[in-house]
Each structure stands twice: as C-alpha cells, then as structure tokens.
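Student: I would like to go through a two-chain model with you. Please show it first.

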Amino acid sequence: MSVRTAELLMALLMGAFSIYLMSKSTELEIGWIEDEGPGGGAWPFWLSTIMLISCIGIIVNWVRKHGPIANSQKTYIESHVLLDVGAVTIALIVTVALFSYIGVYGALPLFLIFYLRFMGKHSWKFTVGLAVLIPVIIFFFFEITLKIILPKGISEPLFLPLYKMFF
Amino acid sequence: MTEILGLLANGFLVVFEPQNLMLIIVGCGLGLFIGAMPGLGSVNGVAILLPLTFLVPPTGAIIFLAAIYYGAMYGGAISSIMLGIPGASTAVATTFDGRPLAKNGLADKALTAAAVASFVGGSISVVLFTFFAPPLAHVALVFGAPEEFALMMLAFATFVGLGNDDIFKTIFSICIGLVLSAVGFDIISGEPRLVLWDITGFLHGVNFLVLAIGIYGIGEMIWTVEEHTLGGGKSMLSEANVTVKRTMANLRELVSTWKTMLMGSFLGYFVGILPAAGATPGSLMSYGIAKQMSKEPEKFGHGSVEGVVAPEAANNAASTGSMLPMLTLGIPGSPTTAILLGGMVIWGLEPGPRLFVDHSKFVWGLIASLYAANLFSLIINIAFIPAFIKILKTPFTILAPIIFILCLIGGYAPTQDMHDVWLMLAFGVVGYLMRKLDYPLAPAVLAIVLGPLAEPALRQSLIISDGSFSIFFTRTYAGPIMIIALILLFLPLLKMGYDKLRNKKAA
C-alpha cells in the first residue's frame, strides 16, 4: 500500500469517527438551554464537526494532489518493517490480554523472554536473568512502595503470603 | 525586587530538603540518560515516568519531573554528537556541527561545548524567568473566564499559524484531543457524555496520561523499532578522548563563543514562551542566526564549535521559557509542559495565576529547583561523559522491552483499570500510523490537558454574555488576545493568498 492510499484511508476512517462522535454528542442537548447556557453536547458536537471538516479538507488536498504525503508513491510500511513492528505490536496485545488471566507477573516474563531472546538474540542466561529481575523490581516498587495492586488473574492466591509479609 | 529574592530564597529552602535534593540529582541523571538515548526526549521521559511520582508529595514530584526535563535537554546533545542521531528532536541542530567535530576526533570538545552552552542557556533563562513570572502572574490575576478561553485559543492558534504542519491535520489533532477530554461526564449537568460504544470504561473519561503515554511511550517506541529495523540495527559510535587536561583546554577555548551563547539563550527563551514553537524551532533559528553572525560562517556544517553552542544554549533556554506560560497562565508552552500541567491537576493544584498566591511554596520551590537542576546537570554531564558514551552502546533490544513494560504499568497505575491499558495501546498504534502520515500529535496532547479547562471557560463566558461571542472581543485583555489568535489562525491562508498573488505577478 502506498503512502498516498494510506492517506485517503486514514482521512476516511477519521471522518467516519468524527461523524460517530457528532451523533454521540447529540445524546445531550447541543443547543442553548434557557438560563443554563449551552447544553452539554454542544462543545463536543461542534468540535467533532470541525474534525469532520478537517477530514474533508485532507481529502480535497488528496484529490488535488497537494503536499508531499498526497503525492508519495512510497510504500506505507515496508514489509520487513511490518514484520518487526507487527511482532512487537502483537506481543504487546498478547501481554495485556494475559494480564487479566495469568497476571502481570506471568505475562511480563513471557514478554521479556520473547523480546530479549527472539527479537534481540541475547543469550538465554541474560534473558532469564532480566525476565526474573524486572518483575521483582516492579513488585517492590509498585505494590510495596506505591501500594498500587497490579492485576494478578489466576496467580492471585500465590501472592497472599507475600502480602501478609509486607502489609 | 527584594520580595522576589525573598521568595526565591524560600524556594531554595524547599530545594535543599534532603529528599528534594535527591530527587533533583536522580532526575537530572535519569533525564541525561533518557535524552542521550536516540529517539527519546524530555517529553517521553516525563510522560513515562509521571506515574512513578505518585510516591512523593506534589512539590517533590514536579521538581523531579522538571529535573528530568532539564537533564534531557543536556542529554540530547550526547547522541547527536556521538552517533549523529539526534537524542531528541530538540537536538537536531546539534548534529550539524557536533557530528563533524566527533568525526575529526574532537568529540570531547563538542560535548564540553554542548554542556557549557546548555548551562549558560539554562542560567540566563531561569533568571529571566524569575523576574518575568511574578509580574505576569499578577496581571493574570484579574483574568476571568473569557480571558482564559482567549488564551487557550491563542495556544491552539499558534500551532496552526506557526506549526509548519498541514493545517487540516493540525486542526484535526487539536479537536480530537479536546473531544477526548470531553468523554465521561458533562461537568455542568453531571450527565454521562460520549460513552463511546457504550463501553463503561469511558465513564471515567480519557485520562490525559493514557493518551500521552500511548503517543510518547508506545507510539514513539514502535516508531523507534521501525527506525532500528531500517537502520539494520547498527549504529556508528564515535570515539571520544576525554582527559581532565583536554577538558580544561576545551573550557578555556569556549570563552570566545560568549556572544553566540548569549544570543542563543535570549532567542531560545523568547521562542520557548510561544506555545507551538518550543525548543526545536528555537534551536534551529539560533543555529541560523549564529551562522550569519559568525566571522567564519564557512566553517558551519564542517565542525564549528559555535554551531554546537548556538542550538544547545537555545534549546535549554527554551525549555525554561516554555514553563513561563504554564505556571503563570496555566497554558503550557510545549508538549512536555502540557504533561507537567496535567500532573499538577492530578496532584490537586489548580493551574493558573492563582498558583503564585495559593501555592507559593510549590511555585518557588520549582523555580529554585531549576537553578539547582541546571547546575547538577552540568556537573553530572561533564563528570560522566565517558559513562554516558558507554550507555549509548546498550543494545536497543534491551532498552525497548523495559520501556514498553514501564508504559504498560504506567498506563494502569493512575486509574487501575485494564480498560485504560487497552486504550493506551490503541492510541499508541493509531498514533504511530498517523505520525507516518505527518499528523502532528503534540497538539492533541496539549488539547486533552487544556480541554477540561477550556470548556467551562467557554460555557461560563457565554452564560455571562447571554450567548453572545462578542464578549471575547470587547474586554480589555480578552479582546487583543483573541484578535492575535484569529490572525495566527488565518496566517496560513493569508500566506497562501500572498504567494498566489506574487506568482501571478511574476508570470
């Protein structure tokens, strides 16, 4: 896909999103309410309208072939870049999804092993070392010092004795 | 005058509390590190690390973040010189002459010049700041809702008029940030508003940190993964020969560049005050002017020390300059200060001119910490030049997963809701895709911070005037501010018309 095609797709997508936001804003009064001033929907409604107009402007420039992006025939994302960027993005999505199931302390080591070993080609010794060390630091910093309890999923019971020790 | 000095002295008492002093030193060190890493700059550091500051009281938190901001400005030069890759966009101009110097085996000279120029820029601007801020805040005390709204319009208009990005994309970015800030509840009627796709997670609104970490953490890192892949994963690190004797000689040589340093400092400071401009254009302008001023302009681009000094003095001065409107008017001068402002709201401090009256200790503590951060950054920088060069050898594949993890946890920490982590991931990916199409994203971050302040200002103004927009033009302060905003907004159109007219004449 060329940058030029991507430009049009993005503008259409954002235009559609603007229309959705406009319709969503009308759930509240968008006009003037006597003695109260503008209704709660007015501010987002008119802003989304400006968003829509901007998207139309971008599309008009696209048709007129105005500006470097609208003229660029370069590939939007090179295939070998897509491979790396895609792998990282999918790894992030899987990690966040796992937060709710096997918990942060199950998901983070997996993410670290994936990144260090398979993206970075570091030695197993180094990989496993960091995969253990970083979650431990995170536990002590966030849970013990800041008292921010991170999602545990099914690993919750394993942490009960630890909490007893520190709180 | 004496009153200001007294307040400043009180500020120093806050700074010299052991905890705050520690925070400044750690912040400067971290900032230097973040700034030195290619691709990461002050805005990334402040966005990613803000959730960690919930540990300390607000004064300590902002002092820590301001120290990171400062350190990163120093650090940006390190990778510009050693790798030829700007450590942050603010250090782009430093590569022009810093890189050639390093290639000629004079990396230590360039690094020392950058550090000293940063110090001079920082010092001059922080003194200007100290004496400009209180009177400005005093004037702003009489500001009401119409003036506040006019100021915000001015901030957005500068992005459109001076931002140099596509106008439609800039306006889109501003509006989407403002709309996202409206998600949750209507502040006046209390009704749920814009609960997108009826997902209940949107009921507590879109936290500005979710957008900021999404764009400046996740999005920026994905962007860096791409650059890393395109670059084949290799970088060219220059050798630096650092000895005490050479450093002393370098310092003596720098005295002759004092004019360039002064010019860069003043220019950077005043450019930094403008909301859209900030440190990057400030340093580029300073480079350009230094070249015109120089006795040896032909050396620029081939390793001129003045070419390193000018942008470095300017970008540090600009970072202080951008704090002026943030503290006095509640309008951030750069994306980094926008995030600092958002942090202040989280800590329960109302931004705006009242801050100087109601939270004097906080404000003056911050100002005094700028003096201290400036000095510590210089010392840490010069003392640890060899260490920072070593850090640049850290493979990207070790740093990247650690930063990604900090982002994920940082996105969860403020609200402790998984919904926000997903949202942050989505912002990161969409932000990356939009950035590839030259959508400017800084205006969106600024807008999501200002949105909750702009909407009530507008609605209250309209209630006062019974629905007439003339209120923004008839008041002493609001009128001129709004007119300047409108001129800036239509500046690109005027320029386009002028260019067309000229082309016609030429034809």
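Tutor: Contact here means heavy atoms within 4.5 Å. This is a predicted model, in which local features need pLDDT of at least 70, side-chain atom pairs count only at pLDDT 80 or more, and totals for chains, interfaces and linings use all residues. Residues are numbered from 1 along each chain as its sequence is written, chains are lettered from A and ligands numbered from 1 in the order in which they are written, and side-chain values use heavy atoms, with hydrogens and water left out.

Student: How many residues does the contact take from chain B and from chain A?

Tutor: Both chains contribute to the contact. Chain A gives 67 residues and chain B gives 66.

Student: What area do chain B and chain A bury between them?

Tutor: Buried area is the accessible area (1.4 Å probe) that two parts lose on being put together, summed over both. Carbon and sulfur atoms carry 81% of it. The total for chain B and chain A is about 5,900 Å².

Student: Which residue of chain A forms a salt bridge with Asp198(B)?

Tutor: A salt bridge is a side-chain nitrogen of Lys or Arg within 4 Å of a carboxyl oxygen of Asp or Glu. The count between the two chains is two. For Asp198(B), the closest N and O atoms are 3.2 Å apart, and the partner is Lys24(A).

Student: Which element gives the most to the side of chain B that touches chain A?

Tutor: Helices (H or I, at least four residues) and strands (E, at least two) are DSSP runs, numbered from the N terminus. Elements giving two or more residues include α9 (208-230), α19 (396-412) and α21 (442-464) of chain B. With 11 residues, the one that gives the most is α19(B).
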